[in-house]
Amino acid sequence: MKNSIRWIGKRENCGDIYMKKFKWMKAVVTTLIACCLASPMQSFVHAEEAEKPKTAEEIAALEDVASYIAIEQTSGKILMEKNQDDVRGIASMSKMISQYLILEAIKNSEITWETKIPISERASKLSANYSLSNVPLWPNEKYSIQELFEASSIYSANAATIAMAEYLAGSEAKWIERMKEKLESWGIHDATIVNATGLPNKYGTTEKNPDFGDDVENSMSARSVAIVARRLVLDFPEILKISSVATKEFRPGTAGVTKMDNFNYLIPGLLFGYEGVTGLKTGTSETSGASITTTATRNNFSVIVVVMGSKQPLNRFKVTTKMLDELFKKYEGLVVGIPGKSVQNIQPYPVNGGADEKISVDYGDNFVAAVPKGTAMSQVKVRFEPFKELLDENNALQAPITAGKTIGNLYFQMPGEDLGYVDGQTEGHVPAFAGYEIDPSNIVTDGYRQVRGFVEKIIHRIQEFFGNIFQKVKGFLHAQEA
């Protein structure tokens, strides 16, 4: 408005024209003020921030997707979901389980990135099937774990995955048992694991799983896939450096050189490139359709999105893009818990039989509160619950207590829609560590406490005695005034 008035004043600096313009603008301003007074300003804010209606294309893409889930990466808080517990085929997203087990083997020094492994005749034959995703593997050569892992992660190479499974477990069947055990340890009970790759069982040829038909493939729910992805990126964040590679050559300078273009088109620089996407894994089959697990971070707020069962392969990218837009627009992450940091705003917990009578607790793990943008830290409530087996009959912790020992859990409540957590919990939680060491009490400590208790009782009785006198005097004076 100021700019408009200034322009009029300069260009139309003569009576009638200026006054007409001024009166017109005054009427407009008056009308706007009246509207603001008639309805709260909040209604204007909502109108400006209101979500644009979905286009026909977006609606069609959403309807095409069978299920999805979005979670905050650190806490596992569910932010969006559709049919999250419906079990369906996961195709090559299965390779995330093998990725975890391989990275775990490296961590445990069973293998290194430089370990060279042989290729079985079966794996070599499968690698020659170019109707599937593969890189060529020759039976008379050895390949490093690093190049096979990259082929599996970037290009979803099936034979490369089997080669590593056979080397580490002795056979694919034994590797499948490891996969199942790991899923069980994560609380995943809805999974069917047929093989290491996610291919339909028939591609196992002479070694296909005898427990299943030819067209059966690995399956689980979107929630379970999100649990796998979360464990993978939290325990082995280096996976994101590999899974976010847009393109790379396998064995450059050799006869088997293969250009490996990442099938995750959401990686920046590719077809649906999205700022902040860091991985993770796609999966496609005729039976289960097209799926994708995506990790993304903006402004230190990290999410995992799983989209499954799209009949039109490109729709998984469109739906994920829309979900990421909404997530980063609506939510932010407040870092509440940092390992080793003392928990504030909760009372120290009583301790019995110790040199100290109370103990403070520290955060045992990271916790990021996924909250609507603009939420204050004070709105995130923290509650400590000790392990019942550590309490005495008076519900006090029993000394001695070792510093850093897990003595309970910290639970978090926060504003925003409550869809629970991916692990099935209703509240976010992390372990609570003892903030310091408490030794058993001794004779001196016990004697001091007895004396202190005796003195406190005397003081209490004196206060009670003089308090009663004061009340009687006060009553007498009121009676005299009446």
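**Exercise 1.** Which backbone oxygen does the side chain of T254 reach?

*Solution.* Start with the ground rules: this is a predicted model, where local features need pLDDT of at least 70, side-chain atom pairs count only at pLDDT 80 or more, and totals for chains, interfaces and linings use all residues. Residues are numbered from 1 along each chain as its sequence is written, and side-chain values use heavy atoms, leaving out hydrogens and water.

Now find T254: look in the loop between β7 (247–250) and β8 (258–261). From there, its side chain gets to the backbone oxygen of R251, at 2.7 Å.

**Exercise 2.** Work out how the rings of Y100 and W186 pair.

*Solution.* First, the rule: rings of Phe, Tyr and Trp (its six-membered ring) pair if their centres lie within 6.5 Å, and planes under 30 degrees apart count as stacked, over 60 as edge-to-face and the rest as tilted. That gives 11 aromatic pairs.

Next, apply it: the ring centres of Y100 and W186 are 4.8 Å apart with planes at 85°, so this pair is edge-to-face. Y100 sits in helix α5 (residues 95–107) and W186 in the loop between α9 (172–185) and β6 (219–221), so the pair ties together parts 86 residues apart in sequence. Y100, W186 and F236 make up one aromatic cluster.

**Exercise 3.** Now classify the pair Y155 and F263.

*Solution.* The centres of these two rings, Y155 and F263, are 5.4 Å apart and the planes are at 15°, so the pair is stacked. Y155 is in the loop between α7 (145–154) and α8 (158–169), while F263 is in the loop between β8 and β9 (277–285), 108 residues apart.

Conventions. Helices (H or I, at least four residues) and strands (E, at least two) are DSSP runs, numbered from the N terminus. A polar contact is a pair of N or O atoms within 3.5 Å; within protein, one must be able to donate a hydrogen and the other to accept it, and residues adjacent in sequence count only if both atoms are side-chain atoms.
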